[in-house]
Amino acid sequence: MLSQKLKLQQWCSTAKNVADRALIVAKFLCVLHIADNYLCAPTLVHGPSMLPTLNMRGDVVLTERVSHRIGNVGVGDVVLVVSPENPRKMITKRVVAREGDPVSVVGDGIWGDVSRSFVVPKGHVWVQGDNPYQSRDSRIFGPVPYGLIKGRVFLRVWPLDEFGLL
């Protein structure tokens, strides 16, 4: 009888320890989720469209996820955007104009030899890659709704020899 009671106490103690540790892990995952989705997240970016600012072979950058929620993304900022052409893909581009700003697209083969002028509509931004010859951007898909912006890139963390603010 006494050994059964001792075994039950040991089992209860072990179960309590497991539950306590599971609770700690759950809290950690909740904090990680909130930080990743609402504060700051590392992002791997690659491709030729942002040359020479970002490397074609791939850079790890930190993306803060507060500015776009409070409307604090300005001209010149590098942003992470859900692609208007493929919602499963994230693209990195530079904001060239905000709502109400005029934009001129010089004939570069995409529009033929015709130059066009636009006014960015309310609730949208005009984004372009730093490498205009190899970038699919607003010159192709037009103004991007502000809601597709997922964050503002502010720091390159890899490669280490190029570590620094963007």
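Helices (H or I, at least four residues) and strands (E, at least two) are DSSP runs that are numbered from the N terminus, and the place of alanine 97 is in strand β4. The structure is a predicted model, in which local features need pLDDT of at least 70, side-chain atom pairs count only at pLDDT 80 or more, and totals for chains, interfaces and linings use all residues.

Alanine 97 is buried, with a relative accessible area of 3%, where buried means under 20% relative accessible area, exposed means over 50%, and partly exposed lies in between (1.4 Å probe, protein chains only). Contact here means heavy atoms within 4.5 Å; when neighbours within four places in sequence are left aside, alanine 97 is in contact with Val75, Val103, Val120, Val125 and Trp126. Valine 75 stands 22 residues from alanine 97 along the chain, and the C-alpha atoms of the two are separated by 5.6 Å.

A nonpolar core is a set of buried Ala, Val, Leu, Ile, Met, Phe, Trp, Tyr and Cys residues joined through side-chain atoms within 4.5 Å. The largest such core has 11 residues, namely Val73, Val79, Val81, Ile91, Val95, Val125, Val127, Phe141, Val144, Tyr146 and Ile149. Strands β3 (78-82), β4 (90-98) and β7 (124-128) each supply at least two residues of this core. Apart from it lies another core, of 6 residues, among them Val45, Leu54, Val61 and Val153. Valine 95 touches Val73, Gly74, Val75, Gly76, Asp77, Val79, Val125, Trp126 and Val127, not counting residues up to four places away in sequence.

**Threonine 43 and aspartate 59**

Threonine 43 lies in strand β1 (residues 40-45) and is buried, with a relative accessible area of 14%. Beyond its neighbours within four places in sequence, threonine 43 is in contact with Asp59, Val60, Val61, Thr63, Arg65 and Leu80. The C-alpha atoms of threonine 43 and valine 75, which are 32 residues apart along the chain, are separated by 21 Å.

Aspartate 59 lies in strand β2 (residues 59-64) and, at 0% relative accessibility, counts as buried.

**Aspartate 137 and the polar contacts**

Aspartate 137 lies in the loop between β7 and α2 (138-141), and at 0% relative accessibility this residue counts as buried. With neighbours within four places in sequence left aside, aspartate 137 is in contact with Lys93, Val127, Gln128, Gly129 and Gly142.

The table gives side-chain polar contacts, a polar contact being a pair of N or O atoms within 3.5 Å; within protein, one must be able to donate a hydrogen and the other to accept it, and residues adjacent in sequence count only if both atoms are side-chain atoms.

| Side chain | Partner side chain | Distance |
|---|---|---|
| Threonine 43 | Threonine 63 | 3.2 Å |
| Aspartate 59 | Asparagine 55 | 2.8 Å |
| Aspartate 137 | Serine 135 | 2.9 Å |

**Tyrosine 38**

The place of tyrosine 38 is in helix α1 (residues 2-39), and at 42% relative accessibility tyrosine 38 counts as partly exposed.

Notes:
Residues are numbered from 1 along each chain as its sequence is written. Side-chain values use heavy atoms; hydrogens and water are left out.
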